Amino acid sequence: MNRLKEDIFKSNFEKYEDPEYYDLEYQDYLTDVPFLAEWAAKIKGIVVDLGCGTGRVTIPLAQQGHKLIGVDLHEGMLDQAREKTANNSLSVEWILQDCTKLSLNILAPLMYMTGNSFQHFLTNESQNQLLESIHNHLEENGIFIFNTRFPILNELAEVDESTHVYQDKRSRKIREKTVETYHPLTQILHCSSAREILEGPGVGSIEQDSISLRYVFPLEMERLLTQNGFAILETYSSWKKEPLETSSSEMIYVCIKKERQK
């Protein structure tokens, strides 16, 4: 890994440095759970949640009786997930691994990646490695489901600076300034945030983090998936199965494992 890639990789971890806070902010987002539960009900065997974080989706599916493996590269997020499931009998295993280099010793009928985590794979090489790793861990005709943001060019074209004040889940009043810059040659959006605590715990302090996200265009995605041994079964603009349109903000793909192209 060269220095630039290493710096970007580390900066992407900044958003997840406080797993407890991350959990508070996102644990109530469950829009994708019914969609994934519908697919989980169609298969027999282990379901693999890639980039599982603190188990936002993993745990609800396990509560429905499915056997799951949750994989993530961030040990703190997995520790939070383990803590949440320590006192129950859910069939879920938490594994610390790089999704581009999976070694799970299983073949799964269903794997998924939510939360737009696909955008964390910033290079052609890492995208190929991810899809190859997933392909190697799926059963014949296994299903891979994931989502990613739709690249709306007029929104990405200009530097976007915004400031807003809100109250977070820790009852803190926060003024947040965000700067987003899109680089067309790499198709990467760099987003930096600075949060000033106006009221509540830590008043007067400033929290800063950044994240880099790769955008992929629909025809580019079709070629990428095909070359890595997947056929697209369904494409949606939301977890409610709405059709993909030019005004969409999200792309959801349901893919089936096929033979890789030579």
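**Close-up views of a predicted model**

**View 1. Two strands side by side.** Lys177 has Ala194 of β8 standing opposite. Strand β7 covers residues 173-183 and strand β8 covers residues 188-199; the two run antiparallel and are joined by 11 bridges. Strands in a sheet pair through hydrogen bonds of the backbone, in either a parallel or an antiparallel way.

**View 2. The loop between β7 and β8.** Gln187 sits in this loop. Its phi is positive, about 60°, although Gln187 is not a glycine. For most residues other than glycine, phi is negative. Is Gln187 buried or exposed? With a relative accessibility of 16%, Gln187 counts as buried.

**View 3. Another positive phi.** Asn116 belongs to the loop between β4 and α6. Here too is a residue other than glycine with a positive phi, near 60°. Asn116 is buried, and its relative accessible area is 13%.

**View 4. The seven-stranded sheet.** This open sheet has mixed pairing and the strand order β3-β2-β1-β4-β5-β11-β10. Which strands stand at the edges? They are β3 (92-96) and β10 (230-236); each has a single partner strand, so one side of each has no neighbour in the sheet. On average, neighbouring strands are turned by 20° against each other, ignoring direction. Inside the sheet, β5 and β11 run antiparallel and are joined by seven bridges.

View 5. Helix α3, residues 33-40, packs on the seven-stranded sheet and touches β1, β4, β5, β10 and β11. The direction of α3 makes about 175° with that of β5. Helix α6 lies across β1, β4, β5, β10 and β11, and runs at about 145° to β5. Within α6 you can find Ser126, which is buried with a relative accessible area of 13%. Leaving aside neighbours within four places in sequence, Ser126 is in contact with Thr100 and Phe121.

View 6. Zoom in on Met111: beyond residues up to four places away in sequence, its contacts include Val48, Leu50, Leu102, Ile134 and Phe144.

**View 7. Cysteines without a bridge.** How many disulfides does the model contain? The count comes to zero. Take Cys255, whose closest cysteine sulfur, in Cys99, is 15 Å away from its own sulfur and therefore too far for a bond; a disulfide needs the two sulfur atoms within 2.5 Å. Cys255 is buried, with a relative accessible area of 0%. Cys191 is buried as well, at 8%.

Conventions:
Residues are numbered from 1 along each chain as its sequence is written. This is a predicted model: local features need pLDDT of at least 70, side-chain atom pairs count only at pLDDT 80 or more; totals for chains, interfaces and linings use all residues. Side-chain values use heavy atoms; hydrogens and water are left out. Buried means under 20% relative accessible area, exposed over 50%, partly exposed in between (1.4 Å probe, protein chains only). Contact means heavy atoms within 4.5 Å. Helices (H or I, at least four residues) and strands (E, at least two) are DSSP runs, numbered from the N terminus. Two strands pair if DSSP finds at least two bridges between them. Axes are lines fitted to C-alpha atoms, for helices over the stretch in contact, and angles run from 0 to 180 degrees between N-to-C directions.
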